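Please walk me through this protein model.

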Amino acid sequence: MSDFRYSTGPTRVVFGSHTLADVRPEVERLGRTRVLVLADPGLGTVGDRVREALGALAVGRFDGAVMHTPVAVTEQALALLREVGADCVVAVGGGSTTGLAKALAVRTGVDQVILPTTYAGSEVTPVLGETDGGTKTTRSSPDILPETVIYDVELSRGLPLGITVTSAVNAMAHAVEALYAPDTNLVTDRLALEAIERIARALRRVKADPADADIRADLLTGAWLAGTCLGSVGMGLHHKLCHTLGGTYGLPHSPTHAVVLPHALAYNAPYAKEAVRRIGEALGNPDAPAAIHDLLVETGAPTSLRELGLAEADLAQAAELATAKPYPNPAPLTQEGLAGLLRAAWAGERPSLGGPPRLDWLTDQVVSTIAGPPRLRHLLGDLVRRLHGFAIDNDLTQAEWQAGIEFLTRTGQLCDDKRQEFVLLSDSLGVSSVVDALTNSRTPETTPSAVLGPFYVEGPPELEHGTDVADGLPGVPLHVEVTITSTDGSPLPGAVVDIWQSNEDGFYDVQLPDLEGPVLRGRFRADDGGRVRFWSILPSEYPIPADGTVGDMLAATGRHPYRAPHLHFMLAAEGHQRLITQLFVAGGKYLDSDAVFGVKQDLVVDFPAGTGTPPPGRRVTGEWRDLRFTFRIAPA
Ligand code: BEZ
Ligand code: FE
């Protein structure tokens, strides 16, 4: 919890498209009758349109506002205001015109209606900065706050890209500093994050579509919210530095804000970690200073104080001036520290929290080259994005990438018509089970599927019911009787059932060259009741082949290679989908750490001790097991 004082300004806000037309009713609402129109000289006919909209209420016009609100200019306008007897000023333009309106209001008490055409946000602050003889002074008073602000999205649609970007970053700076201001509070916090997000989103798109109304609306809303923050909480290093640079060296206002912001943020970052983290989140890049710098580069905005006209020789003095008067700021303000900041900003360096660089452009470039059928394009494009993201997020080194390539090369070299190390890799990373889950078993009425594994052999021997597939191999005798039904429970006579399993030591027949012919595998046809019956032995846990790259990976990552004991089934019946699955021995080892992630709860079943007379097919003395299971397979 932190204490705060918060007051909201009384300013009325009118927001929309073509709201310029509201200017007259808004002046009338204030009960004013004589308006001096202040129009930004660069705006062409907009001043005329405002004057027209005001009709007889307009009694004078002044188009001479100048950056940093020089007192001499204010005095000229003041003389005109008195001459025409105005009781209200209507200002249309950027921060300079707004500044002039404020300067007149604080001197005379006239009301202000402001129509901002840039994104500076000063229209909603009670702050006025004025210059007189090379020094800039700032004052704050409720009388300075405009009565009404009319945001007309149409007015900013034609704003040139340069000023669009720099004034929007100027607004963003208010929001950034509000997040680590000493008197920050819940309200400004939310406004600030919303402002940053909107401004960043709009700036990424504005170059491609400068007249888009939605983009302009985002910028204008962002400016309003950010300006509200500026008016509500104290600003730190960034604003003080820009103030010095503008007031003392005459640097242009919003470009200076744009250049300084990423550097001021980087300077404060170690002392405002949570704020910087949230700013990064709003910007969509955890390296917030770098993200702002990159935004400037992408939009062609200035990135160095050098290009704004600051002489290298002035850097030391600027650092001195900036530390002359103490003020609250997250990071301690040392002359040495600020000298470093200013030098980096002067040279246009890319400040960074030290994270990985932004490479979206490269990813986009690669993805944009991918043509072909839509599904292929989509899959490959997404794969590229994820691979790039993987490399970037993990700051992958050359050596690591090379090791990965060598690993995959060896994996490929191990593959032949008998061994598929890539499938094993997919199995042991759980990918086969993911794809299996996506492809099969998507309805609760069917028996779940499980991975095929490498030990299935096409065309197994066709066997009679009751055959002992273990053919005398040692092990606990197991009698199996399974029923194959459709999802509605009706039996499927004639269903083809392939089974295969390992021996007591965990080997499949194909792994034992000394064995003659196929054992522990076979094909059965279901009888009229959809049943298949055979003898075998209880399967045991076994390691997946671990003498290749998959084994290396398991060893290197502290994993065992074992599969839980199971029996494989492949079921095919006319008019039904094929089901490949496994039944796991309840109570068996590795059920919760199966090396290929094949275990599903519904497939873990009891292999209970057999009772009574063993069914025909093999001679049994002592313990035996009796597995019964009903498979439900889906109609095609
Ligand atoms: C198997 O159960 O036969 C198996 C499955 C995946 C990888 C290795 C073996
Ligand atoms: Fe297996």
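## Helix packing

Helix α10 (residues 253–268) packs with helix α14 (residues 335–347) at an angle of about 145°, their axes lying 9 Å apart. Helices here are DSSP runs (H or I, at least four residues), strands are DSSP runs too (E, at least two), and both are numbered from the N terminus. Axes are lines fitted to C-alpha atoms, for helices over the stretch in contact, and angles run from 0 to 180 degrees between N-to-C directions.

This is a predicted model, in which local features need pLDDT of at least 70, side-chain atom pairs count only at pLDDT 80 or more, and totals for chains, interfaces and linings use all residues. Residues are numbered from 1 along each chain as its sequence is written, chains are lettered from A and ligands numbered from 1 in the order in which they are written, and side-chain values use heavy atoms, with hydrogens and water left out.

The crossing of α10 past α14 is right-handed. A crossing counts as right-handed if the near helix is turned clockwise from the far one by less than a right angle, and left-handed if anticlockwise. Which residues meet between α10 and α14? On the α10 side they are V259, H263, A264 and Y267. On the α14 side they are G337, L338, L341, A344 and A345. Contact means heavy atoms within 4.5 Å.

Helix α12 (residues 288–298) is mostly covered, with nine of its eleven residues buried. Buried means under 20% relative accessible area, exposed over 50%, and partly exposed in between (1.4 Å probe, protein chains only). Among the buried residues of α12 are I292, H293, D294, L295 and L296. The buried residues of α12 pack against α6 (161–179), α7 (186–206), α10 and α11. Just after α12, G300 has a positive phi of about 75°.

Y508 and Y542 link distant parts of the chain, 34 residues apart. Y508 sits in the loop between β10 (496–500) and β11 (521–525), and Y542 in strand β13 (residues 542–543). Both tyrosines, Y508 and Y542, are buried.

## Salt bridges

The structure holds 32 salt bridges. A salt bridge is a side-chain nitrogen of Lys or Arg within 4 Å of a carboxyl oxygen of Asp or Glu.

| Pair | N to O distance |
|---|---|
| R12 and E26 | 2.8 Å |
| R277 and E281 | 2.7 Å |
| R625 and E623 | 3.0 Å |

R12 and E26 link distant parts of the chain, 14 residues apart. R12 lies in strand β1 (residues 12–16), E26 in helix α1 (residues 23–29). R12 is partly exposed at 31% relative accessible area, while E26 is buried at 5%.

R277 and E281 are four residues apart in helix α11 (residues 273–283), so about one helical turn separates them. R277 is partly exposed at 42%. E281 is exposed at 57%.

E623 is partly exposed at 46%. Elsewhere, a network of salt bridges links E481, D527, R531, D626 and R628.

T188 is in helix α7. Its relative accessible area is 0%, so T188 is buried. Leaving aside neighbours within four places in sequence, T188 contacts Y6, C229, S232 and V233.

T248 is in helix α9 (residues 237–249). At 40% relative accessible area, T248 is partly exposed. T248 touches G134, H243 and L321, not counting residues up to four places away in sequence. T248 and T135 are 113 residues apart in sequence, yet their C-alpha atoms are 6.1 Å apart in space.
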